[in-house]
Amino acid sequence: LSYIFQWCSSCFTEWVGFFAYDVLMFAAFSAFTAAFERKSTNSAIFVYLLAFLTPFFFAISDFLTYMKPVYITAYSDIPMALTFAGAVAVYFFSEKGNENAIIPVLPVLMFITFTKDMGLALGCIALFVIFFDMLVARENFVFLKIKGFFGKCFAALVMLMTVGGTYFGWGFHLGKVLAVNRTDYGGSSGMGIVQMLLTGVKELLIGPKNDKFLFVQDSFFNAFSGTKVSMIGSGRNVVLLIVIIFVFAFVFGDKKGKKRSATMLFSTTVGFVGYYIFHLLLYVYILGDEAYNLVSYDRYMYTYYIPWLMMAVFCLAMAARDGAKFWAKGALAGIVCCVLLLFNFYIIPENIFTGVTGNSFAIRKDIAAKADHIRDAIGEDDVIFLYCGQDDGMRWFTYTFELIDNYIIPNRGFVSTGQTEQETKQLLQKEMYDRFKDYGVTHMLMDWTSHDFCLYFDELCDVSTSETGNAAVGYYKVIYGDNSLRFELVKGGKVNFD
């Protein structure tokens with residue numbers, strides 16, 4: 001969405017991204033309150049407040065963890081989570097048991113799938129939750145004149161084709177334009193998504209499991225009850241809260257509401273199990289050494305916890321509309337009050353910005369200064385390989401905004417090894433050549449060099465990266481030879497920021 005508002009500024013500005021995400025989020029919030037008419041404004045306000053506070057309930061729980069010197073809310077996980085919940089809300093609050101309940105969901109499913117690779121998994125889970133509700137709780141359902149069970153199956157097929165068609169269609173486009181294989185997750189094992197799932201499920205259920213699998217599996221399942229992901233602690237506590245809300249919805253709902261609450265609790269729980277196992281396999285097969293520390297575990301998990309909590313609230317909202325209204329509204333009000341108390345405890349003492357200095361945003365300022373220094377040397381068609389030694393993804397992520405007009409190839413590491421240092425150098429240089437050729441790289445941006453880069457690649461540069469990396473920046477033109485590369489410095493130098 002931020003591209004829609006880019007015309008407001010000649011280059012990237014933070015408010016553009018924030019404003020675009022706000023538009024998306026408030027659109028989702030509106031879908032969450034679709035169940036209520038004007039006479040139920042008080043209930044709608046409770047749901048809206050919960051929707052507004054829920055992302056912060058998960059994403060702001062520890063000052064030291066989340067006070068990052070980078071675009072704090074520009075990750076796509078929270079917007080994708082709210083869009084996932086919005087897709088279910090569009091269907092769930094529809095009163096019509098026909099195609100009018102499904103067709104409005106299709107563009108939302110497309111949007112989820114577009115957002116990032118994990119959107120494929122969330123789109124499929126949203127599809128499953130909707131289909132299961134249709135199957136169990138919707139009677140007299142008709143989809144494009146096809147009635148009953150077959151109509152429901154056809155509706156599910158159309159949703160599946162939407163998700164799959166969006167994912168693979170966009171992947172085909174990326175493959176043609178950017179030589180990117182979207183189904184190849186790469187990483188430490190070099191597996192594609194299908195191979196990863198087949199291999200992972202087999203080893204999880206049957207074995208054998210290597211040492212990394214056993215270690216990550218134990219860490220992953222222990223993290224469910226031991227790693228803080230929200231203001232109330234671990235995922236176990238979050239799931240307990242979600243189940244309690246579903247119980248309230250079941251107890252206070254009418255006959256139809258009870259059935260839909262039980263159905264949604266079951267389907268979303270199955271979805272969570274699948275989502276959790278999928279991420280276990282990602283850590284085992286895709287992530288390298290970061291897997292041992294469960295890097296970004298909380299961020300990956302709250303992408304599901306946020307919509308799951310909101311779906312429990314949907315069911316309670318239905319009870320407030322159609323069931324024991326007094327008690328259901330009381331439960332909604334009580335949950336809102338508890339969340340506000342938690343916010344008073346966490347937000348005010350820990351997350352205000354009165355104690356934040358300019359040094360807190362040193363990385364952000366450093367990257368902005370380096371990007372400004374070389375901006376006039378960058379052509380609009382340049383495909384840039386970004387090298388940031390020891391980067392955890394933050395610097396690359398920030399550069400994608402600062403240089404938003406260009407395609408930025410991240411450094412995912414070069415892994416070839418030989419028996420001698422010279423053999424390793426030759427293998428790594430050949431690996432770099434092949435990768436650059438595949439992506440059509442025209443330039444290299446040296447943000448922060450490393451010992452390994454100087455050892456294996458520095459001889460390819462006309463100006464050493466030890467002079468252009470770290471406190472300086474270097475923008476090199478890639479010269480292709482016969483299975484070889486050279487780098488000629490276009491612009492570089494020492495950069496300081498205020």
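Is cysteine 454 buried, exposed or partly exposed? Cysteine 454 is partly exposed, at a relative accessible area of 27%. The scale: buried is under 20% relative accessible area, exposed is over 50%, partly exposed is in between, with a 1.4 Å probe on protein chains only.

Some ground rules. This is a predicted model, where local features need pLDDT of at least 70, side-chain atom pairs count only at pLDDT 80 or more, and totals for chains, interfaces and linings use all residues. Numbering runs from 1 along each chain as its sequence is written, and side-chain values use heavy atoms, with hydrogens and water left out.

Back to sulfur. The structure has 0 disulfides, a disulfide being a pair of cysteine sulfur atoms within 2.5 Å. For cysteine 454, the nearest cysteine sulfur belongs to cysteine 461, 8.6 Å away.

Next, leucine 332. It sits in helix α13, residues 325-350. Helices here are DSSP runs of H or I, at least four residues; strands are E runs of at least two; both are numbered from the N terminus. Leucine 332 is buried, at 0%. Its contacts beyond four places in sequence include Phe46, Val47 and Leu316; contact means heavy atoms within 4.5 Å. Valine 47 is 285 residues away in sequence, yet 7.5 Å away C-alpha to C-alpha.

Last, the sheet. Five strands form an open, mixed sheet, ordered β8-β7-β9-β10-β11. Strands pair if DSSP finds at least two bridges between them. β8 and β11 are the edges, each with a single partner strand, so one side of each has no neighbour in the sheet. β10 and β11 pair antiparallel over 9 bridges. Within that pairing, lysine 477 bridges to glutamate 488 in β11.
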